[in-house]
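Here is a short report to read with the sequence and the 3D view side by side. Take your time and find each residue as it comes up.

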Amino acid sequence: MQLARIVGTVVATRKDDNLRGLKLLLVQPLAPDGRPSGRSLVGVDAVGAGVGETVFFVRGREASFPFLPRQVPTDATVVGSVDHWSAGAAGGRAPGEKQA
């Protein structure tokens, strides 16, 4: 699993029948310090995530597992929402998250 921030949504006028009814999200992988790490990619949403949220996502064959027995053709799937994390100076808050 990798940390990422949802930076957008994807609208497709045509897509594989097995993707119908599933939300496509633009996912920006994050480094442990919260900075963007690598290129953004499109992932299928399995948890109801939205733009601006920090999430976990998986890649590869395992990305289709949350939808079994349905055969979803995906290489990346958002599988969890992150409330907060701690990596050194982050102090238990996601980068950009305001202190309560």
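Predicted model: local features only at pLDDT ≥ 70, side-chain atom pairs only at ≥ 80, totals over all residues.

Arg5 has Thr54 of β4 as its bridge partner.

Strand β1 covers residues 2-10 and strand β4 covers residues 54-59. The two pair in the antiparallel sense, over four bridges.

## Where β1 meets β2

How many bridges join β1 and β2? There are six, and the pairing is again antiparallel, with β2 spanning residues 24-29. To find this pairing in the view, look for Val10, whose bridge partner in β2 is Leu24.

## The barrel as a whole

Five of them close into a barrel, in the order β1-β2-β3-β5-β4, with mixed pairing. Neighbouring strands of this sheet are turned by 55° against each other on average, ignoring direction. In general, strands of a sheet pair through backbone hydrogen bonds, either parallel or antiparallel.

## A residue in a loop

Ala63 sits in the loop between β4 and β5, the latter being residues 76-81. Is Ala63 buried or exposed? Ala63 counts as buried because its relative accessibility is 0%, and the cut-off for buried is under 20%.

Which residues does Ala63 touch, leaving aside its neighbours within four places in sequence? Its contacts are Val58, Thr74, Asp75, Ala76 and Thr77. Thr77 is 14 residues away from Ala63 along the chain, yet their C-alpha atoms are separated by 5.0 Å.

Methods:
Residues numbered from 1 in each chain as written. Heavy atoms only, no water. Pairing = 2+ DSSP bridges. Axes fitted to C-alpha atoms, helices over the stretch in contact; angles between N-to-C directions. Buried < 20%, exposed > 50% of the residue type's maximum accessible area, 1.4 Å probe, protein only. Contact = heavy atoms within 4.5 Å.
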